[in-house]
Amino acid sequence: MKLLSKNEAYQLLPRVIDGEADCDQYDSFELYLKLDDELRSLYKSMVRIRWIIRTRMPRAPAPEQLRIRIEKAIETEADRLSG
């Protein structure tokens, strides 16, 4: 497990909040969190905000037109990359 610098910990914060950090990153972040009161406070606030959004904001499906536009953009980019 790597001891993070303050900058690394702050950069990793969104990935931890979103559940995108791998186990090693999460463990390193947790270790750093014990050392930094400011980051710990920010982390707790962000977790609370995420919980509020997930539990109180209704989810709506994306419009079909958006899905079509995204698929076309992906196809265009794939064609461009394949030459």
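Which residues in α1 meet which residues in α3? The legends below take up this contact along with others in the structure, which is a predicted model.

**View 1. The contact of α1 with α3 in the predicted model.** From α1, the residues K6, A9, Y10, L13, V16 and I17 take part, and they meet E38, L39, L42, Y43, M46, V47 and R50 in α3. Sorted by class, this contact has 10 nonpolar and 3 charged residues, with no polar residue among them. The two axes come within 11 Å and cross at roughly 15°, and because angles under 35 degrees count as roughly parallel, α1 and α3 are described as roughly parallel to each other. The crossing in which α1 passes α3 is right-handed.

**View 2. The packing of α1 against α2.** Helix α1, which spans residues 6–17, packs with helix α2, residues 23–33, at an angle of about 125°, and their axes lie 10 Å apart. That angle makes α1 oblique to α2, and α1 passes α2 in a left-handed crossing. On the α1 side the contact is made by K6, A9, L12, L13, R15 and V16, while α2 contributes Q25, Y26, F29 and Y32. The residues of this contact divide into 7 nonpolar, 1 polar and 2 charged.

**View 3. The buried and exposed faces of α2.** The buried residues of α2 are S28, F29, Y32 and L33; because they cover an arc of only 140° around the axis, they are placed on the same side of the helix. What covers these buried residues includes α1 and also α3, the helix of residues 37–56. The face of α2 that is turned away from the buried side carries C23 and D24, both of which are exposed.

Methods. Residues numbered from 1 in each chain as written. Predicted model: local features only at pLDDT ≥ 70, side-chain atom pairs only at ≥ 80, totals over all residues. Heavy atoms only, no water. Axes fitted to C-alpha atoms, helices over the stretch in contact; angles between N-to-C directions. Helix = DSSP H or I, 4+ residues; strand = E, 2+ residues; numbered from the N terminus. Parallel < 35°, antiparallel > 145°, perpendicular 65-115°, else oblique. Left-handed = near helix turned anticlockwise from the far one by under 90°. Contact = heavy atoms within 4.5 Å. Nonpolar A, V, L, I, M, F, W, Y, C, P; charged D, E, K, R; others polar. Buried < 20%, exposed > 50% of the residue type's maximum accessible area, 1.4 Å probe, protein only. Arc of directions from axis to C-beta.
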